[in-house]
Amino acid sequence: MDNRTAVSNWGNAQSVDSLNIAIQKIIDFMNHFENHTRFQLSTVGDRLNLLEQEVHSLEQKLNSLKRD
Amino acid sequence: MADSSLDGSSSAAQQNVVADALLNVKALASFSFSDDQPPLEFPSKAISAEVSWSDGSRLDAPAFRHEKMQFMSEQLQQIATLEERTRVGESFIHMLYAYRGVSGAIPQVRDHDEANKAALYAHTYQVLKPLVDKMKELMAYMESSVNTVCKILVVANEARKSRGSPPSEELLLALARVFNMFISLDGLKDMKSSLNNDFAIYKRALSNMKKQTNPNEDETMENQKLYNFLGNKDEFARELRKTINLDGGPGAIEDVLADLLDKAADIIERRTYITADNKHTLLKAMGFSLYLLDSDQSDKAITKNKKVKLDRLMRLFKATPYMPLTGDMTLSMQTLLLKTSLREVSWVTESPGNEDNSLRRAYSLLHTLPEARAEFREYLAELGTLRSEFRRRQRLMGAAGGAPADTLTPVPPLLSSPMYNVLLRGLQLLGRLTTAVIEQSAWKLAHPTDSSINPDCPENAHDYEKSVRYNYSSAEKTAFVEYLSMVYSLKRTLAQAEAPFGHVIYSYIHATLQRFAHGSLAEVIASVAKKSKQNVLVALGHAFNVIADSTAAEGTDIVAQVSDKKAKKAKKASGSGAGMAIEQAYPERAASVSQAQLFTLRALLDSVYNEKAPGMRGGFMKDKDLSSEQAGLLDAVFQEAHFFPVMLSFGASVEAASDLSELWYKEFYLGLRKEIQFPIEMSLPWILTEHVLNPDDAHALIESVLYPLELYNDAAGRAIHKLRSRFLFDEIQAEVNLAFDQFIFALSNAVFEHYKQRASSVLINKEYKLLFEENISSDGRLEVTVLPFESVLRQRHFQLLGRSVDISRLVSQRISANLRQAVEVAIQRFEAAPLHGVLELKALLEHNRMTHELLSAVLPLESFDMILEEADEETNLVAFHGRIVSHVVYELVNDFLPNYCYNIMSGRFVLARLSMIDPLNRPSAPRPLPHLLFGSRIFNNHFSRMFDLYREYFGEVHFNALYTLLGRAYFPVILGELVNNARTLFEHSLRPFVSALMRGMPQSSKLPAFVYGVTGSYEYFFELLRPVITYGALRTEVFQVFREIGNTIIVLQLLDRASFVGQPLATMLTAPFLGIRAPGPKPSPAGAAGPAGGAVDAPPPESPTGSVADGRYVVADVLAANGELLASSGTVVDFATLGRHVEALTKAQLGGGRSLLGSFLASLSEALDSTRSEWLGATPSNDVLEVDMSKEYYRIWSACQFTFCTPPITASGSTTRESFGEGLQFGGLVFIYLLGQQHRFDVFDFSYHLIQVAGNETQLGRAGGVDLGRFVDLARFCRLLNDEIFRVFRAHMPLPAFEPALSIGQLPLKKPAFVGRFSPPGPDSADGSGTYHPFAGVHGDGERIGNLKAIAVTEGAGAPAPAASE
């Protein structure tokens, strides 16, 4: 009576688990990446918004000059 | 999946691919992300992958079978059956919970619908058929489940008797889950009255249809059965008990159930459960087991059963009598026990509400909070320390040549053990916190409030309102929110640990099992082998074979080894290397144990060491199989392995241990009220969110404000993944849409209010604040505590129902709108008030600017100037008619100049008692919300108290405010408007009046001789001037015109004064651009000093004017000289051009600036040209001077002065000075000054003459009722004042010192230079291409700008620097 099955079972489990862990890590990475990009995009978006408003206001001022 | 047992070359290739892939994964760790968002929520997961440890199929079970231990296979079979039943049952639970009757929506068939009857019934039948089918499925499920469960119970009981040892823990727990499910199904089925209603309608429709179709015997039978099934209560429990009674009664199952009760009590007492659901399942299963064991025959009642330790159970029941059944349904243990013979125990019959206080406190989060908080903080600190310690050690190991420190290779036990244990404890803590929250909620639902307990609760509040809305005090809500924040923070921390530490869990479990197998287990086996206990040896040997790993591919034959050991006993006795051999006998792996493997191990161990096992009972003349020490070793691993399944699916366990979704659900109460939805105010998540945002209660919790919203995420997750109910999700979504809008609205308002108050606290007068706070009790403090809004405002991707919400942006949009509104309100209030409102406007604008500044640090906001420009409607570059300046001008012209009296002594204007003009119609002031002004009612009162001090007059403070508000840029507009106004007055009022008065003047007016004395002279003048003095309009309209012109002069003078204070700063700031250098004692020879002076060799100018004339823009030059530098750095802004802009814009103001008053005088002088000859009188016959001539302007003013020096006859009457103020004199004298008649006036003035005459007299009498003494006093004052006024004029617009005007043609000041000429930088001062002309293109209309905006000094005027003139 020996435990040949158990040993090979542990080996297989290790292979499967290393893939499991790797998948988890990839997912974790992607979620972090998503948050990171969302944050950065939102920051850039805010800046663009402000610039747009500023340009709009400047444009209005410029037009006030052109009218006369 | 990669499998190392694959053979052939493809296997090797595949392994390479896998290894490469894993290397890539390892490389991911080298990326670092910056997400600057404070963690205030459960981390958003765009992708989630649940790495499930087991799908419950136990496919590998046959591999671990042992022919001598069939019981394990049987139990596995039973467990699988029970689990399958539970799965199906749960889907029924979800179906029932989300079931809402459709009967209400089906139109009733009435008698007059005869024609449509058949069709209506058919449709009703069609609609209801699928629902009734589901009910039938449920009934069928009950029948089959009850039989299956009963059979398993009986079989297991027999097996237990024959083997003598209790069934495995897994089987007992599977039974507990089934019992729990039966209770839930019973509760739900009985609660849903809509099931009965729907079925009743279905039956009616069916019976009506039967008239047309053939009745089906089977179906009728089945319907009858369903009718009973739906109508009877506790059908599952009663059926099961009935079936058991048929199969031999409680006696046939009592051993297994006694084991179950013991096991459950063990777990609860040891607290080895994780989730709230685990705990409640066990408790309910215990109650249910008692019910099954009970019998109606009194001798077989549960109370008489020796195998049941009732005391122990009752103690546990009493500790947790309330728990959720499903969703918002609560189950009390008493109701469960009332069905058994325990109903005779007094505690069971107690009604809720009579519990002792300690139980109430145990359920109350408020009372358990301090302990939980301490535990929570301690845990986080420990986890944090351990994490960094872990990384440090891992690095050290990597450096020492061990396994490289990455996150895939196995971790040695030294590292994995503390990490594993701390994660496990975190999971347990999370479960405890969640359990506390859920149990309190169950308690609250079981103990509704009423109006006698909570005065806020209305009499007619319905059940759900009593249970939830009014059932929490403010402190309880605060504690609730804090608990939520702990649950979600811990959930976040643990969930984030899964990816980096998942392999630690695997490593630890593998290492623990191997250490056990090759250590304790091997030793126990050796000892057992010695005693030749064959049964135990087989069991333990098999246990070893099931779990032991080995470095040798063929494994280890433990039994052979043991016998080997026997042979080498002598050798080994002395050898200390045994331990070493064990260490090396197995490899380190990060690998998980399979479900069947674990089951087999635990079942084997349990059967060997369990105290109930036959071998462990001992007895007379009989050894126990194992010593207590050995049993302890096995027990330790057995207990530890209890958590392996939980830890192996760590992510899912974290989710399960923090599931608070129940808090949102209210199907039970909706069913009771027969309503579809309750208003949002009754929804617990919203109640808590609102509570946090309520400034009176819990603002300090603001960082937790997002956690209550997380409940919606949980609830939605349940609706989708468990209940699978579209409409529930839609309802959650609808509620979230509403709640989130309200949340953003409330949050923005709270933020705005808070920052407004902070600005108030900064801006309020410090001395006032100190004095106030010293004298007033503490609650009136003006200091504002800074609240941690910042971290909420920095949330840029808050995850709500799968949507990513940018809270930062949403709030900043609202705040921006609020700021606009506040500025708008400030301007509106200004427009509705007299000119002194300028102080409030200035304060409000400063206040808003400060608020904006404070907010800008945390939110992306557009610039305040832009907001102000927009509100002021001042976006036109050339028009200069913003609302503020327009209103200033409007008020000046229409209210201030005509109605105010100036006093030169105090330098203040006050409102005249009598108004000469119609009152002004102003718009009514808006009544805004307090936070739009100074943040709060309290601050508004304080500020308004300060403004009250300045409301009664208009003086220096106000002029300074006007200056700061408008700045010099607007002076030209004001000046222009005032000039226009003055010219109009002059042309249309003054000139006609003066002409009329001139006609009234006598031809000649010699001054009388001294001998006439004061009385004689007075009467002489009075008679001489009678036509003028009695001129009706003189004291009203004429004086009014003079006053308005005079007031204009004073206003401009005071504005000048205000601006001279502010001017030096502007000069300092613009100087570097203009090349102005302070005339220092030692100008540095190389020009090395100064930030911009490096390359400049402009000579130090003597005066600002001179320097501007140089036309050198210093900064611009420096920058232009280094053009390549600018170009190379990629600067977008062209500094050189910028420099020229600055120069062009400021040059005129600085160097060429002339005082407002000076410009006004010059302009008035020009207006005077048209009438100058008339007012100067005819050319004197002697070409020098007509001494007696009285047709010149100064004579008329003398007559006026004579009039207003005459004191009022009655004592109560007011003098002219009191009614018109000193503006009158300014107005009159300005023309004398401009006409160059000052000296003549001084010599020939009537009043002055009287003063001189009075100098020789001691006693002055009365003449014509006039007190001559007072007359002379008034005249003396007038003379002093006149001299002062002339000095002012001279300072602002000097005339040659000698008396001019020999003739009109020779007037040196015929054309006073006042028209500003503004030359743009010419070709001599800059290269023509870049010339900037600020008003290019507007010159057609640009008179005003040419005149006013850029007033330049022309040659010959030689104006001293304005400041010097004062």
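This is a predicted model: local features need pLDDT of at least 70, side-chain atom pairs count only at pLDDT 80 or more; totals for chains, interfaces and linings use all residues.
Between which two helices of chain B is B:Arg724 found?

B:Arg724 is found in the loop that joins helix H28 (706-722) to helix H29 (726-763) of chain B. Its phi is positive, about 50°, although B:Arg724 is not a glycine. The residue is also exposed, because its relative accessible area is 68%, and the cut-off for that class is over 50%.

A second residue of chain B deserves mention here. B:Lys674 has a phi near 55°, again a positive value in a residue other than glycine. B:Lys674 lies in the loop between helix H26 (667-673) and helix H27 (684-693) of chain B. With a relative accessibility of 63%, B:Lys674 counts as exposed.

The largest nonpolar core holds 387 residues, and the members that touch the most others are B:Phe179, B:Leu423, B:Phe743 and B:Phe1231. Helix H17 of chain B, residues 474-531, contributes the largest share of this core, namely 26 residues. In soluble globular proteins, nonpolar side chains tend to be buried together.

What does B:Phe743 touch, leaving aside residues up to four places away in sequence? Its contacts are B:Trp686, B:Thr689, B:Leu693, B:Val705, B:Leu706, B:Leu709 and B:Ile807.

Finally, chain A. This chain has one helix and zero strands. Of its 68 residues, 43% are buried. Chain A exposes about 3900 Å², and carbon and sulfur atoms supply 60% of that area.

Note on methods:
Residues are numbered from 1 along each chain as its sequence is written. Chains are lettered from A and ligands numbered from 1 in the order in which they are written. Side-chain values use heavy atoms; hydrogens and water are left out. A nonpolar core is a set of buried Ala, Val, Leu, Ile, Met, Phe, Trp, Tyr and Cys residues joined through side-chain atoms within 4.5 Å. Buried means under 20% relative accessible area, exposed over 50%, partly exposed in between (1.4 Å probe, protein chains only). Helices (H or I, at least four residues) and strands (E, at least two) are DSSP runs, numbered from the N terminus. Contact means heavy atoms within 4.5 Å. Accessible areas come from the Shrake-Rupley method with a 1.4 Å probe; for residues, only the protein chains shown count as cover.
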